[in-house]
Amino acid sequence: MSNFKCQCCDQENPPGGLKYVVEIKSFADFEGYIEGNDGEAESSVNDLLMYMDDIDQQVLEDDVYQEMRFTVCKDCRDKFLKNPFQIYKEYFYKEEFRGTLH
Ligand SMILES: [Zn+2]
């Protein structure tokens, strides 16, 4: 049996150690609003259908839905869950400023 290697930090997991699966799903979510009056709305839908006919099927599928799966160590899982998009954000705890996430 081969040792598990984290897909994020590339470290080998100790024998018997836990590994974690992180799944990311992204999908388009239409809010249901089409700008314009009835004639303009129909034109917008037709424009969208023509656009969909012109682009590659895989590009269209990727634009609507994507799924990723990673097997990682506990440290990498914890870091990801604390700040999945690696953005700097001020955070508060019970109305009190506590710091900045890095
Ligand atoms: Zn790791």
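A residue counts as buried when its relative accessible area is under 20%. By that cut-off, 12% of the 102 residues in this chain are buried. The model is predicted.

**Fold**

The chain holds three helices and four strands. Along the sequence they run in the order β-α-α-β-α-β-β. Take the contacts between residues at least 6 apart in sequence: 60% of them join residues at least 24 apart. The chain exposes about 9,300 Å². Carbon and sulfur atoms supply 51% of that area.

**Zinc site**

Which residues are the protein donors of the zinc ion? They are C6, C9, C73 and C76, each through its SG atom. These donors lie 2.3 to 2.4 Å from the zinc ion. The angles among the four donor atoms are 103 to 117°, and the site is tetrahedral. Along the chain, the donors follow the spacing C-x2-C-x63-C-x2-C.

C9 sits in the segment before β1 (20-27), and C73 sits in the loop between β2 (65-72) and α3 (74-82), so this pair ties together parts that are 64 residues apart in sequence.

How do C9 and C73 stand in accessibility? The table sets them out.

| Residue | Relative accessibility | Class |
|---|---|---|
| C9 | 30% | partly exposed |
| C73 | 12% | buried |

The class follows from the cut-offs: buried is under 20%, exposed is over 50%, and partly exposed is in between. C73, at 12%, therefore counts as buried. C9, at 30%, counts as partly exposed.

Terms used:
Residues are numbered from 1 along each chain as its sequence is written. This is a predicted model: local features need pLDDT of at least 70, side-chain atom pairs count only at pLDDT 80 or more; totals for chains, interfaces and linings use all residues. Side-chain values use heavy atoms; hydrogens and water are left out. Helices (H or I, at least four residues) and strands (E, at least two) are DSSP runs, numbered from the N terminus. Buried means under 20% relative accessible area, exposed over 50%, partly exposed in between (1.4 Å probe, protein chains only). Contact means heavy atoms within 4.5 Å. Accessible areas come from the Shrake-Rupley method with a 1.4 Å probe; for residues, only the protein chains shown count as cover. Donors are N, O and S atoms within 2.8 Å of the metal (3.2 Å for Na, K and Ca); water is not among the atoms, so sites may look incomplete. Four donors count as tetrahedral if all angles lie between 85 and 135 degrees; four count as square planar and six as octahedral if opposite donors are over 155 degrees apart and all others between 65 and 115; anything else is irregular.
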